[in-house]
Amino acid sequence: MKVLLIGGAGFLGINLAEAMINAGHSVYLLDKSFANFESRRLSIPVNGKYEVDIGDTAAIIRLVDELEIDCVANLASSLLPSSDYTAFDLELRDMMLPAFQLLSHLASRKMKYLYFSSGGAIYGNAVEGPCQEKIQPLPISHYGYSKMLFEQYIEFVSRTAGLEYIIVRPSNPYGPHQNPDRKQGLIAVAFDKIVNRQLIEIWGDGSVIRDFVWVGDLAAAITALVDRNSWNATYNVGSGVGSSVKQIIHLIEDLVGVRADVEYKSARQVDATKIVLDISKLQSHINYQPLDLGEGLRKYFRAVYATKS
C-alpha cells in the first residue's frame, strides 16, 4: 500500500513511517518543513519527502494523484491541551477546514483515511474508570474539542460518501525522536530536565493520572490495524495502565540517578484528573501486548541518554 503521512516529519510520523516501511508499505512524508527531520540526520528509507503547506488542499490532492496514494494518514495538529480559543480558531481555519475539504476528494477516489485523534483530551472527565471508545466524549479543552469535531466529520463523510477510515485515539506516547523542547510529552521533557539538572514545572500537585504508551507499540498497532483491514472504526491505543506524574518523575530519578528539581504550580482547568484507556477493543482485533512502563523508560533512557552519560 502507498501511504502519505501528513505531518510526517514529527515524532509520531517518523515512528509510524518506520513501522509501515518494515511491514512492506511504501511511505511518503508531507510536512510544512523537514528542517528538524534533516537536522537529526535520520536515515529512514521513505519513498519521498514533500514540503507542502498542510492547508493547501489542492496541492495535496495533486500529490496524491501523482503518487497514486492508497491511504492518507493525518497526524498534523498545532494545538496543545493548554491552547486557548484564539489558537483553536487558527487551527480550525488553517488546518481543519482544508482537511475537511480533503476528505471528500479522498472519498471520491476510494482512498482510505487514517486519523490521529486523542486518547486523553477527547474523553475529558467522562468516566472514572478506563475509557471505552463507545462512551460519549466530554472534552474540557479546545484541543480535545477539535479532535472530537474532526472525528465527527470523518464519520459524516463515511456515512454520506463512503470514506473508509480508521480513527486512532492514542494515549500519551513516548520514545525515540520525541522533542523534549516542546510543551507536550511529559516523559521526554522530564528526562531532559532531570538529566540536565533543570527545573521541571508541574501543573497541579502531581497526582494527575495518565496512560503512557511506548511509541513503537503505537506505531505497530496502527500498522497491524491497516494490514488487517480494520476500517470504519475507532480504536484506543495505550497501555491500559495509569501512572501519576509523581510516579513518572520518581521512576526517571531512579534511572538517571539524579534528584529532580520540581516546582508545582496551580492546576489547570483543561487537565482531566485521570485518564486511562480501555484497550480491549484493540486487543480483540490484533495481537497487542504493550510494553511495561518501567521497561519502556529503561529502553528510552538507553536509546537517548545512555551513550551520553
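These are my notebook entries from a walk through this predicted model.

**Entry 1: the whole chain**

The protein chain holds 10 helices and 12 strands. Its radius of gyration is 19 Å, close to the 19 Å that the globule rule gives for 309 residues, so the chain is as compact as a globular protein of that length. I also looked up the extent of the C-alpha trace, which spans about 55 × 40 × 40 Å along its principal axes.

How much of the chain is buried? I found that 51% of the 309 residues count as buried. For the accessible surface I noted about 14,100 Å², with 47% of that belonging to carbon and sulfur atoms.

Next I checked the contacts between residues at least 6 apart in sequence. Of these, 77% join residues at least 24 apart.

**Entry 2: charges and cysteines**

I looked up the charged side chains and found 30 positive and 34 negative ones. The centres of the two sets lie 2 Å apart.

Then I turned to disulfides, and the count is 0. C71 has 0% relative accessibility, and since buried means under 20%, C71 counts as buried. C131 is at 1% relative accessibility and counts as buried too.

**Entry 3: S146 in helix α5**

Where does S146 sit? I found S146 in helix α5, which covers residues 142–161. Its relative accessibility is 2%, so S146 counts as buried. I wanted to know its neighbours, leaving out residues up to four places away in sequence. On that basis, S146 touches L79, F88, M96 and Y115.

**Entry 4: helix α6 and its cover**

Helix α6 runs over residues 186–195, and I noted that it is mostly covered, with 7 of its 10 residues buried. Which residues of α6 are the buried ones? They are I187, A188, V189, A190, F191, D192 and I194.

I then asked what covers the buried residues of α6. The cover includes three strands, β7 (172–174), β8 (199–203) and β9 (209–214). Helices α8 (245–256) and α10 (293–304) are also among the covering elements.

Just after α6 I came to R197, which takes a positive phi of about 55°.

**Entry 5: the loop between α7 and β10**

I moved on to N229, which is found in the loop between α7 (215–227) and β10 (233–237). N229 has a positive phi of about 55° although it is not a glycine. Is N229 buried or exposed? With a relative accessible area of 54%, N229 is exposed, because exposed means over 50%.

N232 is found in the loop between α7 and β10 as well. This residue is not a glycine either, yet N232 has a positive phi of about 60°. Its relative accessible area is 40%, so I put N232 down as partly exposed.

**Entry 6: V304 in helix α10**

My last stop was V304, which lies in helix α10, one of the elements that cover the buried residues of α6. V304 has a relative accessible area of 21%, so it is partly exposed.

Conventions. Residues are numbered from 1 along each chain as its sequence is written. This is a predicted model: local features need pLDDT of at least 70, side-chain atom pairs count only at pLDDT 80 or more; totals for chains, interfaces and linings use all residues. Side-chain values use heavy atoms; hydrogens and water are left out. Helices (H or I, at least four residues) and strands (E, at least two) are DSSP runs, numbered from the N terminus. The radius of gyration is taken over C-alpha atoms; the globule rule is 2.2 Å times the number of residues to the power 0.38. Buried means under 20% relative accessible area, exposed over 50%, partly exposed in between (1.4 Å probe, protein chains only). Contact means heavy atoms within 4.5 Å. Accessible areas come from the Shrake-Rupley method with a 1.4 Å probe; for residues, only the protein chains shown count as cover. Lys and Arg count as positive and Asp and Glu as negative; His and the chain ends are not counted. The place of a charge is taken as NZ of Lys, CZ of Arg, CG of Asp or CD of Glu. A disulfide is a pair of cysteine sulfur atoms within 2.5 Å.
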